Each structure stands twice: as structure tokens, then as C-alpha cells.
Amino acid sequence: MPGLGTSFGRGGATTAQWDLVNSDCILIQGSNMAECHPVGFRFVMEARERGATIIHVDPRFTRTSANADLYAPIRPGTDITFLGGLINYMLTEGKYFREYVLAYTNAATIIGEDFRDTEDLDGIFSGYQPESGTYDPASWRYEIGEGGVPARDVTLQHPRCVFQILTRHFARYTPEKVEQVCGTPRDVFVKIADLLAANSGRDRTTAFCYALGWTQHTVGVQNIRTAAILQLLLGNIGRPGGGILALRGHAAIQGSTDIPTLYNLLPGYLNIPYVSNPTFADYLRANQAETGWWNNVPKYLVSMLKAWYGENATAQNEWGYQYLNKLDDKTDYSYYPMFFAMKDGGIKGLFVLGENYAVGGPGAKVERAAMRKLEWCVIRDPFLVETANFWKMDGVAPSDVQTEVFFMPAAWAAEKDGSLTNTQRMLQWHDKAIDPPGDARSETWFFVHLGRRLRELYANSTEERDRPLQAMTWEYPLEGALQEPRAESVLEEISGYTIADGRQVAGFADLKDDGSTACGCWIYSGVVPAKGRNLSASRVKDGPDEWTNNSRWGWSWPANRRILYNRASADPDGNPWSERKRLVWWDSTAADGKGQWTGYDVPDFVRDKPPDSQRVIGGKGAAALTGAEPFIMQSDGRGWLFAPQGVKDGPLPAHYEPMESPLHNVMYRRQSNPAAVQFDRPDNPMHGTDNPAFPYIITTYRLTEHHTSGAMSRWSTWLSELQPELFAEIDLELAEKFDLHMGDWVTVTTARSEVEARAMITDRMRPMRIDGKTLHVIGMPYHWGPAGVVTGDVVNDLIGISLDPTSKIHEAKVFTCNMRKGRRTSGIVSPSGGTHASVAEGGAVGRVDSEGAEMERFDGQAAPSLEPSPLRRHEPEPSDEAAHLHVPAAPLEVGDD
């Protein structure tokens, strides 16, 4: 999450879900938390019972809205204007927490004289290079003063100090502009601003919660940056009941970025090397900070390389640095460029694990077409999901698809040991309840045995390209009849150990850059501080009098801290801002009178560093920060209101219209994000601005009863009965225009595709009158596809592909469409080869082909209705078509190659 990482230093939620009970106010925006994170939402409900005010800002009136004290409608894609209006309100009305802002943010820091704002350049920042559509951030840098440190003006009057730049930048974001751009009534907006101000400061705190409603935009990172600026101004970061809670999509999404499935990161958010870093020394010059905690990069990278390559990583061979792949600086390896390269014939093979992007990926048609250009594809999933059957979809004859598909059945979570890292950066261990059936295996089993076989296959190779494989440490103990690798042995390696005696390290403070320690992921270091002591399996609940309730339940990175940057919960002198909100403070009597930081959470600071300590002139790392600079991951120890680096579309957020919008930008002359990643291709047509052929706004979302692409829910009869069909939420006025009634068929169209759905006519969706135009927003969940118990069209086929320049995430939460009454004219091609549509008439829910004949259920049984029954696995259907799909016919023996 680069928005949080750039602002505060770490790309993770700053707080824990259960800390919401300590909030005086909670703003939920970019999330339907009650329906999409219902377990965490119970803490919001408890906070409300304790007297907290709950605010929900969303394009739809949802169950979250119904449980809020105040609901505000907003046009999709205008969150920066809304939050920017709040920033402007706090600044102009003097409602910001001045002492916190002056002490703990870069408000007083002076920016170089070459910087130009959007206010000067009508919608772009200095450094923009139109030929490449990118920014050179050189002009965004701090002005360096005496002693080589950034120049500051503590009076906040210097015209180039961050505070003044911020004030000028957001001056145009007035309540009137918020109403004009967002459609939020001015009086509702002002009431929200007053509530946030009244519930922030020394004695009160407000928390923000967001999810994909903020991230899936071409300005997604800047949405989060705007929230971070606001929370810094209000003094809510690092304090109980405050912070920003990034609600992750499911239990291990946080873990998938910590120990990453991302193309540009190594474990622990270390940058992956590029070809411009040919040597280890080059890498350190590019990635090791002189000041702040990232000065420790050598310790973390060397320890990771020792964990990966063991005795084959030595000082003489740069600790195995050359074994790492180096990315080409000029090539984009992110998700969508990968699929376009695949579609253009540039990629031969693909592994797909627990991913169903043939339904869940925006622009899904492109992804399915790309897979048909592969030579081979390996799919691991409990079910034959659409991604495993892409070769039967879209009306393409299987004989025309050259891709050889291997299906490897996967184990469910309850069928394997392991850990999940959830929303609040917390690792929780789960124990296997039962062995997986048949050929199904865990990911750990699959990769450990695949790695073993590959190492045996290439053991005698003399090719230099095979050296990394040969050099790997790959000895994991195997257990049981299935020869399952002991999952805790992997976690022990991740947590870290000393090379000399194999003993577990206590935490990342023990890691060295001399090759004496090994650690697979430094931020997880300490989760297993001793053999047999797995803290992620801890289930000890704290007493109710502690702020960090449940701090011995599971284990949160780093070092089991529950609230990041908690040094900021105390004032510069080390005293709590208030007794009511005390969390961490300086105890001068502790440690035999030497003093140390103590409190209700693990201090996120050098424990024995007094609050009045000064920076060491010429010092490195933490020594270059004072005892009153709590954002230790940042080079200056401060929260960044202004980001001199780390964001690719500007040091401050600015409102840009979505790539597809019915309105022109009234804030700046520039219409959309000038740095957004776009793909001008025939297979990715875009609607542009105010296109009369596509006059309506559409937003996609999730339901409680289904999970993302439906891969884990459309095979469950219970869940399928609760949400049997795809629908479109349509406001009353638009329904009247098209003569629609509840349950009618409606077809939604874009330049990319068309899908049919049942009409849900509701006043939860309401037209907006904005800038002289009446705008209608259509809402559609995206869980359906042509496989499973209940089926439907692929909503993500409607979406065009454009990306945020920093995170490379797609813009799925706002685009434009048209609509007509009735069913679409073309049929869906199902994995079994026939066209179909879901129906729910006469009380029966089943599947019919284009002739109306009943089709078979996924388990081969007739399905006249959906009676709850035990969940069963999908068995491959016999087929005489081209043999693309390979499913093991008998259990695999571990020794078989």
C-alpha cells in the first residue's frame, strides 16, 4: 500500500481492528465494511455503543450506511475532492492539531525553489514529461539547510514550507466545490468536517477505514495519501482509537504483499534489483537510506540471502546477490502489462494459484484471450474454476486453442497447516483439521516437491542460469503419508536464526549484515523466537483495561506492535497527550533510572532513546533522528504531508476525473491523471469524457454471501441460495425511464462487452444533480461466471484497463456504460460448451441452456432447486474435446517425477 508507506513509512494498516472500540469517531469511506468485513465491523458497532459517532461516505446506501449516525452520498471517483475539502476546512478554520503537526509532520520543511504546484501549472506538477506521461520528482525535493539536514521554518510562514504549499494547494477545495464535484450536500459535508474536528486533538481520536473503494482508481494511491494528510493534520496517527485501517480483501492479502506475490518487491518490502543495480553495492546505493530505519537494508537483505542460499551466500560472491533476477528498468512487469505481453505472444507459460481472474480480473476478456496464446498453464484450485476452463469460453473452439492446461487440485485452508496475515498485519496460525482428499495438496507441498524435483533435474547442469536453483537451501522436513512439509519449519526460516548454532533470533534487532544470521522476511522476525514457540498460534487474550486488547492473540509485525508510530501518542517531551488517550510514554525511572519507553503496546521507537535526545551530526540510521521524531521509517522521522518521493503522480493529491466520466474536470484544466497508465489498443477501447453513447456511471462491489470471483462461494449451495443471481442496482428515476420493474432482465453495455442481469430497483441508489447534469449510478456485484452451482455473466468484462501509476492497480470502481431493457443478444459460453443464463423464476433456481433445457449441477446431479447440502468437490466432466486439461488420475507419489 504505497499511499500509507509513502506517508508514514510502512505499507500496512496503522492500527488494529479491535482498537476501533477506542475511537470517538469513525469515518468509513471506500468501503462497505458491514457487508464486506462483517467480523471486523462488530468493533465499529461496539464503538457506537460506547458513544462513538459513525460516518459513512459512499455512492450507495448500504448496510454500513444504515448502521451509521451520518451518511453522505458521493459520486464515484471524487474522493480526493471530498477529503481535500476536509483538509481545506481544517486549515482555514484552524481546526488542525497544531502542536502535533509542528512536532511530528514535515509541515515546517521547506521545499526547493524549483517546485511548482498544480495551482501554478493548472493541474500538473513540475517535472512532468508529456512525451512519456511520467514525472521527474527532482523538483519536489527538500531544500537542504545547515548541517546537511532539510531546512525548516517552525513559524510555518515561509512561502515554500510544506504548510503554506498545502494551504494554497487545497484552497480551491471549498464546501461549494465539494458539492459541485462530489454531489455531497454542502450541509452534510460541513457537519462531517465539524464532527472530525470535534473528535480529534489531545483528548479525542478519529479512525478512518477504507478498502478497494479507494484503491481501485487511477488516483488510488492519492486517495489514500489525502486521508493520510488529513489524519496527520488532526493528530490521529499512532494513537489509540485513531489511525487508518486498510481493510484487506481476505485473510491473507496482507501476507501476499509482506512476503510478496508482487513483481517489484522482495520479502519485507525490500525493492527487487534492477539491471541498473548490477552489483550489491549498486543496490545499496539505490536503496539504503542514509537516515531513518531503512539504513538497515544491508542487514535485512544479507539475512534474506543467507536464508535462501545458505553456505552458497558469502561475502566473496556478494551474498548471492547475483542469483537474484534483475528487472529491466524500461519494462513494466506488473499484472496488466504481463497479460498484454502474453496476448501478444511474449510469454510461454503461466502458474495460476488460487486465482480466478477469468472472472475476477477487470478486463477479463483480455486475460482469457491472453491465456489462449500460452504454450502451457498450470492451475491450482479446489475447483475447476473459469480460469481453468478459459479454453472453453468466449465461443472459441477448443481445437483453436494451443494452450496445454494442467489442473492440480488444491487443499482448502482447513486441510493444511499455516499462517494467514490479516488486515491489522497480524499473523494467525491455523492447524490442519483433516488431510485433503484425493490428489489435493497444499501450496507448501506443491512448491517444496516441485523445487526438489527441479533441483534433482538440474543438479548436473553447468549452465550459469541454473546456479540459483542449485544454490538454494531446500531442506524442509516431511511428515505423514502425504509427505507434507512441516509448515512451521518454513515459518522458522522466515522468522530468522543464527548461522552458527541454528537458534532462532529474538527479532530483527538481532539481524546482521556479516552473514551470521538468516531471515526470510525481516518484518516477521521474532514470530518464532525459539523452536516450538510459534507466537502466531498464541491465543491469550488481554484484560479489558488495556488499549491494545488482544495483544497476545496472534502476532503483529513488526515486533508484535499493534499500533504503528505509537511514539506519536506522547507529546515531544514523552508525556501522553492526555491521560484518556495514553498508550506509550517515556518513563524516566525505568531501567535503573536510565529511562525507557513503556506503555500498553510495544513502543515503535528505540526503547532507550530519551525524548530530548538530539540527532547525531553525520549520524546514520536512527542516530540521525531525534527523540521526538516518531516516524522512524522516514528519512526525516516525520509524517509526510508533502511527499518528496515515493508517489509517481505528484507530491500532493489533486482531483482528476476518472478515465471515463460524464463530466469535465471543474477543478483543473487537466481532465484525468496525467501519469495514469493507459493502453491504447484495439482490445481495450475506452469511452473518454462525456460520451453520449455511455451516459451512466457504473461501480462494482462485493456481497457478503460471495467471495470475489465466486471461486470459493459459487460451489456452495448454501451461499448460492442466498445470492442466486447477478443483479444491477438501479435508481427509481432511471428504472422509470426504461420501464423497468423489479426482477426484469436488463443488459448493461460498454465498448468492451455487454452483460445481462436482473434489475434491482431501489432508492438506495439515487440520481445526483451535478454541474447542471443529472447523473445516474448503476451498481453491480462481480461474483458470477459460467461455472458453479449458480452462474451468470462476467461483470468485469465490461471494464476498460487503465492503472494507477504507483500501485498499478486498475480503475474498477468507476467507469461509464449504457443500459437497455431485456436480455442481451449473445449467449455466454459455459465451461461445458453450451450457452446458458441463470434464471430464478417460479421459485426454482437452476441453470438452463439456450433452448430452456435443464443442465446438470457441478457434481453431476440434477438441480431443480438449491437445497442446502454438504459441500462437494468438483469432479472433471468427461469430454471428447481436444485434450487441453490434464487432471491427475491417481494420487501422486512423492517419489514420482
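The model is predicted: local features need pLDDT of at least 70, side-chain atom pairs count only at pLDDT 80 or more, and totals for chains, interfaces and linings use all residues. Residues are numbered from 1 along each chain as its sequence is written, and side-chain values use heavy atoms, with hydrogens and water left out. Helices (H or I, at least four residues) and strands (E, at least two) are DSSP runs, numbered from the N terminus.

**The sheet 13-14-19**

- Three strands form an open sheet in the order 13-14-19, with antiparallel pairing. Two strands pair if DSSP finds at least two bridges between them.
- Strand 13 (418-421) and strand 19 are the edge strands, and each pairs on one side only.
- Helix 21 (residues 487-495) packs on the sheet and touches strand 13 and strand 14. Contact means heavy atoms within 4.5 Å.
- The direction of helix 21 makes about 160° with that of strand 14. Axes are lines fitted to C-alpha atoms, for helices over the stretch in contact, and angles run from 0 to 180 degrees between N-to-C directions.
- Strands 13 and 14 run antiparallel and are joined by four bridges. Gly418 stands opposite His430 in strand 14.
- The two strands 13 and 14 form a hairpin with four residues between them. Arg425 in the turn has a positive phi of about 65°.
- Strand 14 (residues 426-430) pairs with strand 19 in the antiparallel sense over two bridges. Met426 faces Ser556 in strand 19, and Leu427 has Trp555 as its bridge partner.
- Strand 14 is largely enclosed by the rest of the structure, because four of its five residues are buried. Buried means under 20% relative accessible area, exposed over 50%, partly exposed in between (1.4 Å probe, protein chains only).

**The loop between strands 19 and 20**

- Pro558 is found in this loop. The peptide bond from Trp557 to Pro558 is cis, with omega near -10°.
- Ser569 lies in the loop between strand 19 (555-556) and strand 20 (584-587). Ser569 is buried, at a relative accessible area of 0%.
- The side chain of Ser569 reaches the backbone oxygen of Asn566 at 2.7 Å.
- Leaving out residues up to four places away in sequence, Ser569 touches residues including Gly238, Arg239, Pro240 and Trp577.

**The loop between strand 5 and helix 8**

- Asp153 sits in the loop between strand 5 (134-135) and helix 8 (162-169).
- Asp153 is buried yet has no salt bridge. A salt bridge is a side-chain nitrogen of Lys or Arg within 4 Å of a carboxyl oxygen of Asp or Glu.
- The nearest side chain of opposite charge to Asp153 is Arg98, 8.6 Å away. Lys and Arg count as positive and Asp and Glu as negative; His and the chain ends are not counted.
- Leu156 is in the loop between strand 5 and helix 8. Leu156 is buried, at 1% relative accessibility.
- Leu156 has a positive phi of about 60° although it is not a glycine.

**Other loop residues**

- Pro76 is found in the loop between strand 3 (70-73) and helix 5 (79-92). Pro76 is buried, with a relative accessible area of 5%.
- Contacts of Pro76, not counting residues up to four places away in sequence, include Pro59, Pro658, Ile697 and Val777.
- Asp739 lies in the loop between helix 23 (732-737) and strand 25 (745-749). Asp739 has a positive phi of about 55° although it is not a glycine, and is partly exposed at 46% relative accessible area.

Terms used:
A polar contact is a pair of N or O atoms within 3.5 Å; within protein, one must be able to donate a hydrogen and the other to accept it, and residues adjacent in sequence count only if both atoms are side-chain atoms.
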